[in-house]
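Please read it alongside the sequence and the coordinates.

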Amino acid sequence: MRRFLATFWKRPELDRQITEELEFHIEEATRANVESGMPPAAARRAARLQFGNPARLQDETREADLWVWLDTVARESRQSLRSLLRRPGLACTIVLSLALGIGANSAIFSVVDALLLKPVALPDPGRLIVIQERKNDRTVGGNPARLLDWGTQVEGLESAAGLYTERVAFLNNGGAEKAIALRTLGSAMAVFKAPPALGRGFTPGEERAQGDPVVMLSHGFWLRRFGADPAVLGRTVQLGQTHYTVIGVLSQAINYPEKVDFVAPAPREHQQGGRRAQFLLNIARMKPGVTPEQ
């Protein structure tokens, strides 16, 4: 407790005590040298040489009286806070950039975690792969243009799809609740190859966001929110400002990300993104007999 208090509240007092103590010992050594016959100036110089570097002695003494690592964190935090307060605009930009980056990474990891780290109860899971892209020696997300390249130019792939998640507001009976939607680009249903538990999957036109918006419910959300009612097919649900027609319920095998409530094709403007975007997790299904190395 004494070291903790010295780290945060008694640092100035501690520094003063260390300086006074060091000066006291130098004065005592100087007095002893003078009594032994040395001139005062030479006696004080000899005393200082005897004790060595004062700054080093102060640091060693301070380390014994407080937690150095905690003191360093506290001092650097205070300095950083003062720097940020002097430039609030820059501080807000930094915080927002970090928030966006952490949010995007969390969304991608939620899918990666389920695909790579948990068992996948899908038909022939050994043919499922995650396509990781790298730029300047770092992993980056995919985009619609490159997803099209994977699906059309790689002969060993049977189908390819891009995924990303987003938070949406599910409006029902005059109220709103938070929900998570899995957005798909490409042939996601062909990659999963799991027949719907109810209804049907997306048609090729619907996968390209052509026609009226349609949505599939996750199996868990169907059970939790609609009581496994088969009459949910054909109903209209509102997500944000858009109304969707429910066309099916996902197979229970498609349970990732675990907290996904809705699955719907990405809006057309997202499907027409250029090659600079980096927001997709690319997944694919290899053709029979093809290895990842091929």
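**Backbone**

This is a predicted model. Most residues other than glycine have a negative phi. Two residues here are worth a look on that count.

Asp137 is not a glycine, yet its phi is positive, near 65 degrees. Asp137 sits in the loop that links strand E2 (133–135) to strand E3 (138–140). Is Asp137 buried or exposed? Asp137 is exposed, because its relative accessible area of 73% is over the 50% cut-off.

Lys193 also has a positive phi, about 55 degrees, and is not a glycine. Its loop runs between helix H8 (188–192) and strand E6 (198–199). Lys193 counts as partly exposed, because its relative accessibility of 39% falls between the 20% and 50% cut-offs.

| Residue | Phi | Relative accessible area |
|---|---|---|
| Asp137 | near 65 degrees | 73% |
| Lys193 | about 55 degrees | 39% |

**Surface patch**

Which residues form the nonpolar patch on the surface? They are Leu84, Leu90, Ile94, Leu98 and Ile102. Together these side chains belong to residues with about 440 Å² of accessible area. Helix H6 (residues 88–117) gives the largest share of the patch, 4 residues.

Ile102 is one of the patch residues, and Ile102 lies in helix H6. Ile102 counts as exposed, because its relative accessibility is 56%, over the 50% cut-off.

Note on methods:
Residues are numbered from 1 along each chain as its sequence is written. This is a predicted model: local features need pLDDT of at least 70, side-chain atom pairs count only at pLDDT 80 or more; totals for chains, interfaces and linings use all residues. Side-chain values use heavy atoms; hydrogens and water are left out. Helices (H or I, at least four residues) and strands (E, at least two) are DSSP runs, numbered from the N terminus. Buried means under 20% relative accessible area, exposed over 50%, partly exposed in between (1.4 Å probe, protein chains only). Patches are made of residues with over 30% relative accessible area and no salt bridge: like charges are joined within 9 Å, nonpolar side chains (Val, Leu, Ile, Met, Phe, Trp, Tyr) within 5 Å. Accessible areas come from the Shrake-Rupley method with a 1.4 Å probe; for residues, only the protein chains shown count as cover. A salt bridge is a side-chain nitrogen of Lys or Arg within 4 Å of a carboxyl oxygen of Asp or Glu.
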